[in-house]
Amino acid sequence: MTMAPPFSWLKPEPFGLHVIPADAWIDPARAVDTALVTHGHADHARGGHGLTVATPETLAIMALRYGVLETAATPVAYGETVTLKGGVKATYLPAGHVLGSAQILLEHAGERVIVTGDYKRRADPTCPPFQVTPCDVFVTEATFGLPVFRHPPIADEMAKLLAARENEQGRCVLVGAYALGKAQRVIAELRAAGYNDTIWLHGAMERMCRLYQDHGVDLGDLQAVAGAPKAALANAIIICPPSALNDRWSRRLPEPVTAMASGWMRVRQRARQRGVELPLIISDHADWDELTQTIGQVNPAETWITHGREEALLRWCELTQRKARALALVGYEDEDD
Amino acid sequence: MNRFAALLDALVLTPSRNAKLALLADYMRETPDPDRGWALAALTDGLDFPAVKASLIRSLMAQRVDPVLWTLSRDYVGDTAETASLLWPEPPGTRLPAPSVAEVVETLHATTRATAPTILADLLDRLDVNGRYALLKLATGAMRIGISARLAKVAFAQAFSVSVEDVEEYWHGQAPPYTPLFDWAANGAEPPRTDLLPLFRPFMLAHPLEAESLDLKDYAAEWKWDGIRVQIVHVANELGRETRVYSRSGDDISGAFPEVTAALTTPCVLDGELLVRGAHQGGETGGAASFNALQQRLGRKTVSKAMLADYPAFVRLYDLLIEDGEDLREWSWEQRRARLEALVPRLDATRFDISQVIAARDFDDLAETRSRARDEAIEGVMLKRRDSPYVAGRRTGLWYKWKRDPLLIDCVLMYAQRGSGKRSSFYSDFTFGCWNGDPDAGAELLPVGKAYFGFTDEELKFLDRHVRQHTIGKFGPVRETDKSLVFEVAFDSVHASKRHKSGVAMRFPRISRIRTDKPAHEADRLDALKALIAD
């Protein structure tokens, strides 16, 4: 009997990473018996699995989105380890992406593999920071895997947002932001910048913000736009999903200054195409410097790249003489983040 | 440079004209000379630095960034200057202070091909990412952000509360950084001299006629020709001789009409309509082809011999502003007209004729003549107050345009697209069609035109709702409707077109009425539209 080649117990399939001895899938794009879920964004956390293994926060987010999880769930707190079928050990570590987001450290046959899900390295008042952990294989995302993506300090972007509100008297500033994570981070950062007025919410944001508050994230005074008189919204900051920015919904608002909080706003043409007047370069993903810095710090034997602009990151690994491969996974979206 | 970079970014992202004007005006008021003048030149005409080309940016980057990473980044961003601004490696330590716009311009002007790489790199090191973008755009003269010369002048007037006509007049002949202009507008100095150079003078414009009738004792009537309004200026003085042809917006189009430019040798400033001679000899004085023929000559920087032979241009003169250095603009229209009539016989008759005054006993007689005018080069009638001076812009009560009644046709709404800016949540751009035969016998609708105005705000709300409730397909930003709504479309003329499947192209189509009362199958057929083709 010959020895199995390294890491052969973990196999990338088109719709997810298969942990063969445990018969479990990481962030699978379709319903499976056992799913290890890194975080609550819809493209990573789909419903309908037999068993979902995730942090308690992620499970709460999934329950909010899909109703009560009708099937079994195993909550794993940060730093905790669960043993799966086949003796595979899974440890959930903070990824710094959104509330509850985790990297999953898998240990089997003396080999250590980390699957990051989505992550960032910047401080975020709504979730604990990414934890650098040594491993043999580092499976990383590459959403902003191009050297043009260097996210500016978030304080600069908050200053832009507050200045726009100040300069456009009588109007409101409408900020398009992902309903899970980005919206709450923008609110928390506004509070950190000393903004204490009511922040107004599109209906799609309300429950998720409440969930964050229930988990101890201080978001200050929030109120729903629905039913508010137009006059009350002058000089207000309003948060809505990106799809609502130019939707009929926004007609009720007093001459909104259209803002959008997204890493894609780095590129002028992307901002123009969306009709954004005030681009806020705020991302919950690692930018180019964070991606390359993290690979350097973790210093794995191999780097696997799941989704995003993997070509450039592969090239960087080649230039720095690191072993790397791109996994052709489907179903991850990056459009609005 | 940082302030200029912020202005540039704000202009790129601001859809509304008024907001753009306010941004430009604020910048001009708050920025010292000569920065504001250079910035204005960079935003409008572009500054030319022969030693700095896009290839220099590429070679600078090739020394600093892996070629594969550069190509992947450039392909993603889609713009060389922006990609370079993002990829430029920040120098270690504290950045030197950012250069002013003037320092950048002076440095780049003094640059040779040999020194350019070092000089540009030093400037890039002193700027942040947005500053680097602005620098590279300015250096390569490729702003392309839709700031026309006219917009810049309106903003200038707004910034310093001076009249835009004065700005137009003094602007020409001034070179960047326009310090005498800013001295005049911002500091109350004497305006720059304008008589030595072939400068543009702002046009006198007309209001649409709204009154039922005018007394022809006070007003003279002329045809309104359907070409492009031009001003032809010839100067001869110690600086030399030169002729220029200017368009309505003050753009110099001399190069596109060399036969007209060459034909004027008398020092004067003329106002007229540029037309081309064509097969359609008609009208009271003859010789003008339709606007469609003139279009062959428009928008070209240079012109081929074949173009000159097939579509020869000439100018039908309306007015005389200056003759032999004598400014006639304060004179009455009647006095200027007499001078013009005396001048025209001395001009090259193949290139210049005079727009005839229409003989009419009274207003009803004029209306009768207007309704009989079938010449396609006639757009309508102009009514000019006999005692009117030549004043820039639209002054109430002096000149009126009385356009021919528009043509009308009933079309069916086929597709709708969202507008931009304030209209970005509304479906406000409409494509409509006519039947290519009998709709009860299986005929189809073919698109014949597109319109995005002519309706009120209330009607827009109705149309938006209609589109959303009657969508049968979506293609990107476009919705296809169930083709149940009829529009009465007004348009100025219609021409044969090979570029359109329907074979026709309308001029100035607009929604004149929404015909909810009319079933779609009763809309007009393509044949009805084709019968109105002018050429």
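This tour moves through a predicted model, from chain B as a whole to selected strands, a pocket and individual backbone positions. Local features need pLDDT of at least 70 and side-chain atom pairs count only at pLDDT 80 or more, whereas totals for chains, interfaces and linings use all residues. Residues are numbered from 1 along each chain as its sequence is written, and chains are lettered from A in the order in which they are written.

**Chain B overall**

Select chain B. Its C-alpha atoms fill a box of roughly 80 × 65 × 45 Å along the principal axes. The chain holds 19 helices and 21 strands; helices (H or I, at least four residues) and strands (E, at least two) are DSSP runs, numbered from the N terminus. Of its 535 residues, 53% count as buried, that is, under 20% relative accessible area, with exposed meaning over 50% and partly exposed in between (1.4 Å probe, protein chains only).

Next, select residues 427–435 of chain B, strand β14. Because 9 of the 9 residues of β14(B) are buried, the strand is largely enclosed by the rest of the structure. On one side, β13(B) (residues 407–418) runs antiparallel to β14(B) and is joined to it by 6 bridges; two strands pair if DSSP finds at least two bridges between them. Val412(B) has Gly433(B) as its bridge partner. A further 6 bridges join β14(B) to β15(B), also antiparallel, and here Phe430(B) is partnered by Ala451(B).

**The second largest pocket**

Stay with β15(B), which gives the most to the lining of the second largest pocket, with 4 residues. A pocket is an open set of points on a 1 Å grid over the protein atoms alone, where a 1.4 Å probe fits, with protein on both sides within 12 Å along at least five of seven lines; lining residues have an atom within 4 Å of a point. The volume, the space filled by probe spheres set on the points, is about 670 Å³. Among the 21 lining residues, select Gln295(B), Arg499(B), His500(B), Ala505(B) and Met506(B), which lie nearest the centre.

**Backbone positions**

Select Pro34(B), in the loop between α2 and α3 of chain B: the peptide bond from Asp33(B) is cis, with omega near -5 degrees. A cis bond also joins Pro176(B) and Pro177(B), with omega about 5 degrees.

Finally, turn to chain A. Phe7(A), in the segment before β1, has a positive phi near 60 degrees and is buried at 9% relative accessible area. Ala109(A), between β9 and β10 of chain A, has phi near 55 degrees and counts as exposed at 60%.

Methods: Heavy atoms only, no water.
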